[in-house]
Structure formats: C-alpha cells, structure tokens
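Please keep the sequence and the three-dimensional view at hand while reading.

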Amino acid sequence: MTMLAQKATQAQLIQKISSATQSMKSMQCDFVQTKTVKLLNDKMVSKGKMAYQQTDKLRWEYTSPYTYTFILNGTKVSLQKNKRNDVIDVSKNKMFKEIAAIMMNSVVGKCLTDTKSFKTTITEGSTEYVATLVPQKKEMKQMFTKIVLHFNIKQGVVSRVDMYEKNGDSTVITLENIKKNTKIDAKTFAVN
C-alpha cells in the first residue's frame, strides 16, 4: 500500500470513529482497571463505574478495592475520598487540565483528531479499530509513551484503553456493560 493510500485509510477510519463518538450524547458503564507496576512485577486490579455526558462531564468512580471518585464538570474537578472532597479549577492547573482532557477524550475516542497532542495510527480488525496515540506535548511525553484505544465497531464505542507510562508501568482499562445515550441524573456530575 502506498503512503498516500495509507494516509487516506487512516483519515477514513478516524472519520468513522469521530462520527460514532459525536452521535454519543451519554455513556454509562462498569470498568476494570489493571495497573501493572514494572518495578514490583505486580498487578493491581480496581473496579468501578463511569458516566459521561456530552461534552464536558465525566464521573469516574472506583468501588473496589477502595472508594474514590473523580468528577469533571466543565472546568471544575471534584476528587472525593472518604469524607474528603477537593475541588480543583482545571483552567488554572495545566497538568491537571491535560490529565482531565486525556481521561475525557480517551474514553469517548475524541483525541484521535487532536494532531497537536498526539501522532495517531489506526489499524482495522474484524471487530475493532485499534488507535495508537503517541504524545506530542511535553507534559504528556513526561507521563506516557503511548496510549492505545480499542474501538468496538459493533457498539460504536471505546471498549478498552491501554496506557503505557514512561517508567515502564502500564494501565489497561476495560469498559463493560456499556449503555449509550441513556438519561443520566444531573446529580451524578455535581461538583460540591
């Protein structure tokens, strides 16, 4: 395949994924997160629930083996653990803004068109598209060597996110029991 044909195919796949994610107004699911710590040769498994509402609301709630909730609502982030609740204005914290954007955009596949932040390559399988994103911004390069999104063709959603850190650690997040475009109570994204 010529380089020009490969670029056209990449652009077509990105367009297909972008069309699917733009039609998604909301998404709710369970997740399993497996963090592999290279230094300790150990895996830590966490479980929880995620809710997303277009365009700037995300709730990431760990339920096992600990409880911790991350809520993004516009430019405000709420971090809740035990009885403590910290609210951060992401517009005033560059690193936190990048992390919040990665979480939001990876889960819904919106980062594929962000050529300033990532160099993206996509392959097509029988059941999924696999997008490999290599960070281009200094802040992201300090944390990640690459992020791999697995986009389920039939469901039209990201079903798995693999994040590879510069230190050799990795995190795999698998999304399960996905429900698209269902009503979500506004309280879900309340930042207090």
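The structure, which is a predicted model, holds five aromatic pairs. One of them joins Phe-31 and Tyr-62 in an edge-to-face arrangement, with 5.4 Å from centre to centre and 90° between the planes. Phe-31 belongs to strand β1 and Tyr-62 to strand β3 (residues 57-64), so this pair ties together parts that lie 31 residues apart in sequence. Both Phe-31 and Tyr-62 are buried. Tyr-62 also forms an aromatic pair with Tyr-68; this pair is tilted, with 6.3 Å between the centres and 50° between the planes. A pair of aromatic rings is described by the distance of the centres and the angle of the planes.

The two partners in the tilted pair can be compared with the cut-offs for burial. Tyr-62 has a relative accessibility of 11%, and it counts as buried because this value is under 20%. Tyr-68 has a relative accessible area of 25% and is therefore partly exposed, since that class lies between 20% and 50%. Phe-31, Tyr-62 and Tyr-68 are members of one aromatic cluster, which also includes Trp-60 and Tyr-66.

How confident is the prediction behind this picture? The mean pLDDT of the protein chain is 85, and 92% of its residues reach 70 or more. Over residues 1-5, however, the pLDDT is below 50, and this stretch has two contacts in the model beyond near neighbours in sequence.

The next topic is the sheet. Eleven strands form an open sheet, and their order is β6-β5-β4-β3-β2-β1-β11-β10-β9-β8-β7, with antiparallel pairing. The edge strands are β6 (84-89) and β7, each of which pairs on one side only. From one strand to the next, the twist averages 15°. Strands of a sheet pair through backbone hydrogen bonds, either parallel or antiparallel.

The pairings can be followed from strand β1. Strand β1 (residues 26-37) is joined to strand β2 (residues 42-53) by twelve bridges in the antiparallel sense, and Lys-35 stands opposite Met-44 in β2. Strand β1 also pairs with β11, again in the antiparallel sense, over nine bridges. Here Thr-34 stands opposite Val-172 in β11.

Strand β11 pairs in turn with strand β10 (residues 157-165), in the antiparallel sense and over five bridges. Arg-160 stands opposite Thr-174 in β11. Strands β10 and β11 form a hairpin with four residues between them, and Gly-168 in the turn has a positive phi of about 100°. Strand β10 pairs with β9 as well, over eight antiparallel bridges, and Arg-160 is the bridge partner in β10 of His-150. The hairpin of β9 and β10 likewise has four residues between the strands, and Gly-156 there takes a positive phi near 70°. Further along, six bridges join strand β8 (residues 128-135) to strand β9 (residues 144-152), and these two strands run antiparallel. Thr-132 stands opposite Val-148 in β9.

Where does Ser-170 lie? Its place is in strand β11, which covers residues 170-180. The relative accessibility of Ser-170 is 14%, which means that this residue counts as buried. Leaving aside neighbours within four places in sequence, Ser-170 is in contact with Thr-34, Lys-35, Thr-36, Met-163 and Tyr-164. Ser-170 and Lys-146 are 24 residues apart in sequence, and their C-alpha atoms are 9.9 Å apart in space. Lys-146 in turn lies over the face of Tyr-164, at 5.1 Å from the ring centre.

Ser-117 is found in the loop between α2 (94-108) and β7 (118-124). With a relative accessibility of 6%, Ser-117 counts as buried. Not counting residues up to four places away in sequence, Ser-117 touches Val-134, Pro-135, Gln-136 and Lys-137.

Ala-101, by contrast, has its place in helix α2. Is Ala-101 buried or partly exposed? At 34% relative accessibility, Ala-101 counts as partly exposed. Ala-101 and Asp-56 are 45 residues apart in sequence, while the distance between them in space is 9.3 Å from C-alpha to C-alpha.

Methods:
Residues numbered from 1 in each chain as written. Predicted model: local features only at pLDDT ≥ 70, side-chain atom pairs only at ≥ 80, totals over all residues. Heavy atoms only, no water. pLDDT = per-residue confidence, 0-100. Contact = heavy atoms within 4.5 Å. Buried < 20%, exposed > 50% of the residue type's maximum accessible area, 1.4 Å probe, protein only. Pairing = 2+ DSSP bridges. Axes fitted to C-alpha atoms, helices over the stretch in contact; angles between N-to-C directions. Phe/Tyr/Trp six-rings, centres within 6.5 Å; stacked < 30°, edge-to-face > 60°. Lys NZ or Arg CZ within 6 Å of the ring centre and 35° of its normal.
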